[in-house]
Structure formats: structure tokens, C-alpha cells
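Please look over the sequence and the 3D structure shown here before reading on.

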Amino acid sequence: MKLLEDRILSDGEVIDGKILKVSNFLNHQIDVAFLDQLAQEWVRRFSGVKITKILTIESSGIAIGTSLARAFGVPLVFAKKHQTSNVNEDVYSAEIFSFTHGISYHVVVSKKYILPGDSVLLADDFLANGKALQGLIKICNEGGAQVVGAAIAIEKGFQNGGDELRKSGVKVESLAIIDKMDSDGIKFRD
Ligand code: G4P
């Protein structure tokens with residue numbers, strides 16, 4: 001999506017060829033009106049798909065998730081991060097390994113908010129190795145909910161998370177896919 005690609009080019013900063021900082025509109029200061037514009041693009045891409053809930057992970061996913069929930073007229077649920085596994089029977093949990101941070105963490109979602117019959121659209125700001133989305137998919141499976149796709153703002157196409165999820169049948173709709181980023185600049189997938 002050109003709107004997002006242009007914003008990344010004007011406001012993004014590449015750190016060590018690995019991390020894209022987009023703190024002034026997505027990860028720290030949030031341009032809410034801009035995220036609402038992105039959400040309209042996902043409404044177009046998921047038109048005709050039944051969606052009853054948006055599911056994301058705290059913290060940065062919540063902003064994207066809020067715009068999506070407003071655009072689709074459904075609730076937003078966010079998985080909460082815990083350092084240790086939670087054996088509480090009232091929650092679904094998943095362990096997620098973050099390559100970016102080199103640590104594992106657990107996320108939990110109350111069983112009250114993921115129900116059999118739900119059609120869930122996953123959402124996140126970044127998709128890199130896909131472990132966060134895999135954790136959310138596990139939670140949906142345990143809750144008997146159907147995953148109808150994933151709405152991602154920025155996919156790092158040079159890591160393989162997005163392509164693996166697509167191969168496994170998930171409809172991943174990333175609005176900007178970066179195939180290369182270094183000191184020479186950022187190259188988007190066509
Ligand atoms: P994965 O889920 O696709 O496997 O990705 P990974 O573990 O590598 O990413 C973990 C965290 O790092 C996520 O945020 C993700 O949004 C963020 N992240 C990954 N690559 C980038 C990047 O290039 N730029 C920025 N700004 N963030 C990136 P998190 O740790 O869950 O933190 P939060 O910000 O959502 O609280």
C-alpha cells in the first residue's frame with residue numbers, strides 16, 4: 001500500500017539493517033487517523049469475510065487492533081504478556097519466542113473472549129518470524145475459533161514468518177512488505 005510505504009520512507013529509520021523504527025506514527029507516538037486509513041484498506045482486502053473479533057498482542061498491536069475493530073464493528077481482544085506460564089484454567093496460553101529480543105514469553109487470553117464459533121482476524125504492527133501469530137493461532141485453535149486471516153502493517157519479507165503462514169493456508173494481508181533494508185535504503189516487495 002503506497003500510503004504506508006511512503007510513510008515508512010519519510011519517517012522510518014533503519015537500525016543496523018535489522019530493525020525499522022517507526023516510533024513517530026506506530027510504536028510510540030500513534031497517528032490514529034493514519035491507522036484508521038490503513039484499517040480501511042484491510043476492510044477492502046477482507047471484504048466478504050465473516051469476522052467476529054480482532055485478536056492481537058499487547059502492546060503495539062493494540063493501536064492497529066483498535067482501528068481494525070472500529071472499522072469492522074467488532075470487539076478487539078488482546079493477548080496479555082506474562083513472564084511465566086499461567087496454569088490458570090480460565091485462560092488459553094501460548095509460549096512465544098522472540099528472535100528480535102532473544103527471549104521467550106507467555107501470552108494469555110481469557111476463555112471468556114475466544115469462543116467456539118468466533119471468526120477471528122489476527123492483527124499486529126510487525127510480522128518477522130511469525131512466532132507471535134503462531135501463538136495467537138494456537139490460542140484460537142484451543143478455543144474452537146476459526147482464524148480467517150492476519151492483518152499486518154509491516155512484514156519483514158526477508159524473514160520467513162509471513163511466507164510460512166501463507167503456505168500453511170493463512171490469508172496474511174501485509175500492507176507493506178520489506179524485502180531488503182540497509183544503509184542504502186528500503187526495498188519493498190511489488
Ligand atoms: P515474530 O513475532 O514475527 O516472530 O517477531 P519477533 O519476535 O522477532 O518480534 C518481536 C517484537 O519485535 C514484536 O514486538 C515486534 O512487533 C517487534 N519487531 C520486530 N521487528 C521489528 C522492527 O523491525 N521494528 C520494530 N519497531 N519492531 C519490530 P514486541 O516485543 O511484542 O513488543 P511490543 O512493541 O508489541 O510491545
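This is a predicted model: local features need pLDDT of at least 70, side-chain atom pairs count only at pLDDT 80 or more; totals for chains, interfaces and linings use all residues.

Residues are numbered from 1 along each chain as its sequence is written, and side-chain values use heavy atoms, with hydrogens and water left out.

The ligand is surrounded by 20 residues, of which the closest are Ser59, Ser60, Lys81, Thr100 and Gly130; a residue is counted here if one of its heavy atoms lies within 4 Å of the ligand. By the classes used (Ala, Val, Leu, Ile, Met, Phe, Trp, Tyr, Cys and Pro nonpolar, Asp, Glu, Lys and Arg charged, the others, Gly among them, polar), this shell holds seven nonpolar, eight polar and five charged residues.

A polar side-chain atom of Thr100 lies 2.4 Å from a ligand oxygen, a side-chain N or O atom of Ser59 is 2.7 Å from an oxygen atom of the ligand, and a polar backbone atom of Ala132 is 3.1 Å from a ligand oxygen. Taken alone the ligand exposes 720 Å², and the protein buries 86% of that, with areas from the Shrake-Rupley method and a 1.4 Å probe.

Helices (H or I, at least four residues) and strands (E, at least two) are DSSP runs, numbered from the N terminus. Two or more residues of the shell come from each of β2 (19–21), β7 (119–127) and α5 (131–143), and β7 provides the largest share, three residues.

The space taken by the ligand is the largest pocket, where a pocket is an open set of points on a 1 Å grid over the protein atoms alone, with protein on both sides within 12 Å along at least five of seven lines, and lining residues have an atom within 4 Å of a point. Its volume is about 810 Å³, and of its 31 lining residues Ser98, Thr100, His101, Asp125 and Phe126 are the closest to the centre. The lining of this pocket divides into 14 nonpolar, 10 polar and seven charged residues, and β7 gives the most to it, with four residues.

Finally, the backbone. Most residues other than glycine have a negative phi, and most peptide bonds are trans. Ser59, in the loop between β3 (53–57) and α4 (61–72), is joined to Glu58 by a cis peptide bond, with omega about 0 degrees. Asp16, in the loop between β1 (13–15) and β2, has a positive phi, near 55 degrees.

How values were computed:
A polar contact is a pair of N or O atoms within 3.5 Å; within protein, one must be able to donate a hydrogen and the other to accept it, and residues adjacent in sequence count only if both atoms are side-chain atoms. On a 1 Å grid over the protein atoms alone, a cavity is a set of points where a 1.4 Å probe fits but cannot get out, and a pocket is an open set with protein on both sides within 12 Å along at least five of seven lines; lining residues have an atom within 4 Å of a point. A molecule sits in a cavity or pocket if more than half of its atoms lie within 2 Å of its grid points. Grid points are joined across faces, edges and corners, and a volume is the space filled by probe spheres set on the points.
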